[in-house]
Amino acid sequence: MRIHIKIDAKGITIPFDHQQLLTGVIHKWIGWNEEHGNISLYSFSKLEGAKALKSGLFFEQDSVFFFSSVKDELVKKMIGGIQNDPSMFNGLQVKEIIIEEDPDLSSRELFFAASPIFIKRKNGERIDHILYDDVRANACLEETLRTKMESVGISDQTLRIRFQADHPKAGTKKLTYNGVQNRASWCPVIIEGKPETKLFAWNVGLGNSTGIGLGAIK
């Protein structure tokens, strides 16, 4: 299930490095629960509609982002949390929640990034950050998604995922979280598999760190 969260943002400027603030709001709305510290079976997109200025990201109009999960009860917790306290940060305030039921994805394979897709893997003593044009990227995407599927008892031998590296919108984005700068992929993804597998990915996101707002797809 996915909810689209409309935000009263007109005339507000927020920091470029606001991802930690947005994640904190999500956790406030969800409340302390078993999701913290476990495999994240949810994802959320970046805030839409901001214009980059020297002072930060400025909203000329209102903004919107979405939150998705394979757990309907988690989405309901999110809705309840927003209704209890719609405030966000820097003056942003939720004004409307729109519920989107799970779509039929049986004939669809191309998905677009709604937040940067982040892949990391341990390589000896270091951590590699793997981008869409790395030969390891597609295998890592599939590995992470299969791990999440297995955690809820889902299996699909037909699953195949790959970045569409030759797409004109393929590229990367810099991201900062807790003061650490990283670079992640901003690239469309092709997902082949059962409709329920594609729906699972649509809800939980792809790659690592979906619990802090990375890897959401639309």
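This is a predicted model: local features need pLDDT of at least 70, side-chain atom pairs count only at pLDDT 80 or more; totals for chains, interfaces and linings use all residues.

Visitor: Where do Asp85 and Lys28 lie?

Guide: Asp85 is in the loop between H2 and S7, whereas Lys28 is in helix H1; the pair links distant parts of the chain, 57 residues apart. Their side chains form a salt bridge at 3.1 Å, N to O. Asp85 has a relative accessible area of 28% and is partly exposed; Lys28, at 37%, is partly exposed as well.

Visitor: With which residue does Lys51 form a salt bridge?

Guide: Its partner is Glu60, and the closest N and O atoms of the two are 3.7 Å apart. Lys51 is partly exposed at 43% relative accessible area, and Glu60 counts as partly exposed at 44%. Salt bridges can also share partners: Arg126, Asp128, Asp134 and Arg136 are joined in this way into one network.

Visitor: How many aromatic pairs does a search of the whole structure find?

Guide: The search finds 2 aromatic pairs. To read such a pair, one considers the distance between ring centres and the angle between ring planes; planes over 60 degrees apart count as edge-to-face. For Tyr132 and Phe163, the centres are 6.4 Å apart and the planes stand at 70°, so this pair is edge-to-face. Tyr132 lies in the loop between strand S10 (126-129) and helix H3 (137-151), and Phe163 in strand S11 (residues 160-163), so the pair ties together parts that are 31 residues apart in sequence.

Visitor: Are Tyr132 and Phe163 buried or exposed?

Guide: Tyr132 is buried, with a relative accessible area of 16%. Phe163 is buried too, at 6%.

Visitor: Which charged residues lie over the face of Phe66 and of Trp186?

Guide: Arg2 lies over the face of Phe66, 3.7 Å from the ring centre. Over the face of Trp186 lies Lys173, 5.0 Å from the ring centre.

Visitor: In what order do the strands of the open sheet containing S2 run?

Guide: The order is S2-S5-S4, three strands with antiparallel pairing. Strand S2 (13-14) and strand S4 (50-53) are the edge strands, each of which pairs on one side only. Between S4 and strand S5 (residues 56-59), the antiparallel pairing extends over 4 bridges; Leu53, for example, has Gly56 in S5 as its bridge partner.

Visitor: Which residues touch the most other members of the largest nonpolar core?

Guide: They are Leu47, Phe65, Phe67, Met88 and Leu92, in a core of 28 residues. At least two residues of this core come from each of strand S1 (2-8), helix H1 (19-30), strand S3 (42-44), S5, strand S6 (63-69) and helix H2 (72-84). Another core lies apart from it, with 27 residues, among them Phe163, Cys187, Ile191 and Leu206.

Visitor: What does Ile26 contact, leaving aside neighbours within four places in sequence?

Guide: Ile26 is in contact with Tyr42, Phe44, Phe65, Phe67 and Met78. Ile26 lies in helix H1 and counts as buried, at 0% relative accessibility.

Visitor: How many residues of helix H4 are buried?

Guide: Helix H4 (residues 195-204) is mostly covered, with 8 of its 10 residues buried. Among them are Leu199, Phe200 and Trp202. Just after H4 comes Gly205, which takes a positive phi of about 85°.

Definitions and conventions:
Residues are numbered from 1 along each chain as its sequence is written. Side-chain values use heavy atoms; hydrogens and water are left out. Rings of Phe, Tyr and Trp (its six-membered ring) pair if their centres lie within 6.5 Å; planes under 30 degrees apart count as stacked, over 60 as edge-to-face and the rest as tilted. Buried means under 20% relative accessible area, exposed over 50%, partly exposed in between (1.4 Å probe, protein chains only). A charge sits over a ring if NZ of Lys or CZ of Arg is within 6 Å of the ring centre and within 35 degrees of the ring normal. Two strands pair if DSSP finds at least two bridges between them. A nonpolar core is a set of buried Ala, Val, Leu, Ile, Met, Phe, Trp, Tyr and Cys residues joined through side-chain atoms within 4.5 Å. A salt bridge is a side-chain nitrogen of Lys or Arg within 4 Å of a carboxyl oxygen of Asp or Glu. Contact means heavy atoms within 4.5 Å.
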